[in-house]
Amino acid sequence: MMLITAIVTSILSLISPDSDLYSRVGLVRIDGSSTVFPITEAVAEEFSESAPKVRVTVGVSGTGGGFKRFVAKETDISNASRPIKANELSLCNKSFIKFIELPVAIDGLTIVVNKENDWVDNLTMHELNAIFEEGLEKWSDVRPEWPNKKIQVYSPGTASGTFDYFKEVVIGKHGSMRSDMSVSEDDNVLVKGVMGDVASIGFFGCAYYFENEDKLRAVPIVNPKTDKPVAPTAVNIENGSYYPFSRPLFIYVNVRSLRRAEVRGFVSFYIDHVDKLAEEVGYISLTSDMRARVRQKFAERHVGTHFLNVDGEQRHGPFEKLYK
């Protein structure tokens, strides 16, 4: 088996060498997560220098919206800020779509407030739940010593994987987010919203915070395991202490699309260059061990998801243990 794997890996590496990129012609269609968008856009720009005749389009429909287009066979690759859901996997199966699940970076979902907000020093998971599910109206409802100012909430749209991840962690499966939020699939709109209201709060991926940390303030979140406030720094996100908001980011690749040389070339290029480019746009690169696993999964054309069990239920545990 090891010999066969080695032979397959060798053959596949010959199919799509970087040296052949310049002569390739074609189209690579991508859509999905706004969180993953900056990474994929950076890869696409870099790729265009090596493969100027290949057109790469990158849309921002949110993770859920991206999977809808993926299932409809309108895209070759889907950006996702969460693992695929059971219903999305079912639709892929019905459409006879096989995919390869590839982690590309680590994100720390970041809760932000206005720069002039000088009272919120940290938040617990219970307080986040009270704000986002129970819908507390004023900051003084969260803690009596905080000002009597109306809370304005900014959230990614419901098609966003960031919304799904936040809801699952903060609210749970059966709860619902407050109905009076200002929502947008465009994280830049959320940034501007929080900037414009001193009593506002919002959330999105860490890259958008790092890009705007002169305009917004990140709120340290109390780690429920250690009972200590932890800020979303690169170190804390990478080592997992920024819990429970550290999370992997993904691309999902349609196996049928890999029959086209331009798609094979782009995905190979993505895997080879994403470490540097993810860090450049504000995310955390995978560990060397995880990078090796991703390369192996792609080389072997390993199909399916690592994050659902045979009954379609979500698997839980450290990312590194699930993606094997």
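Guide: What follows is a set of questions and answers on a predicted model.

Visitor: How is α2 placed relative to α11: roughly parallel, roughly antiparallel, roughly perpendicular or oblique?

Guide: Two packed helices are described by the angle between their axes and the distance between the axes. Helix α2, residues 37-50, packs against helix α11, residues 261-280, with the axes 9 Å apart and at an angle of about 120 degrees. Because angles of 65 to 115 degrees count as roughly perpendicular and those over 145 as roughly antiparallel, the placement of α2 against α11 is oblique.

Visitor: What is the distance in space between V267 and V43, C-alpha to C-alpha?

Guide: V267 is found in helix α11, and V43 is one of the α2 residues that make the contact with that helix. Although V267 and V43 are 224 residues apart in sequence, their C-alpha atoms are separated in space by 9.6 Å.

Visitor: Is V267 buried or exposed?

Guide: Leaving out residues up to four places away in sequence, V267 touches I77, L102, V253, L258 and F298. Its relative accessible area is 0%, and since buried means under 20%, V267 is buried.

Visitor: How many of the eight residues of α5 are buried?

Guide: The buried residues of α5 are M125, E127, L128, N129, A130, I131 and F132, and what covers them includes the strands β5, β6, β8 and β10 together with the helices α6 and α7. Helix α5 is therefore largely enclosed by the rest of the structure, the number of its eight residues that are buried being seven.

Visitor: What is the relative accessible area of N129?

Guide: N129 lies in helix α5, which spans residues 125-132, and, leaving aside neighbours within four places in sequence, N129 is in contact with E134, V170 and I171. Because the cut-off for buried is under 20%, N129 counts as buried with a relative accessible area of 14%.

Visitor: How many disulfides does the count come to?

Guide: C92 is buried at 0% relative accessibility, and C206 is likewise buried at 0%. A disulfide requires a pair of cysteine sulfur atoms within 2.5 Å, and by this rule the count of disulfides is zero.

Notes: Residues are numbered from 1 along each chain as its sequence is written. This is a predicted model: local features need pLDDT of at least 70, side-chain atom pairs count only at pLDDT 80 or more; totals for chains, interfaces and linings use all residues. Side-chain values use heavy atoms; hydrogens and water are left out. Helices (H or I, at least four residues) and strands (E, at least two) are DSSP runs, numbered from the N terminus. Buried means under 20% relative accessible area, exposed over 50%, partly exposed in between (1.4 Å probe, protein chains only). Contact means heavy atoms within 4.5 Å. Axes are lines fitted to C-alpha atoms, for helices over the stretch in contact, and angles run from 0 to 180 degrees between N-to-C directions. Angles under 35 degrees count as roughly parallel, over 145 as roughly antiparallel, 65 to 115 as roughly perpendicular and the rest as oblique.
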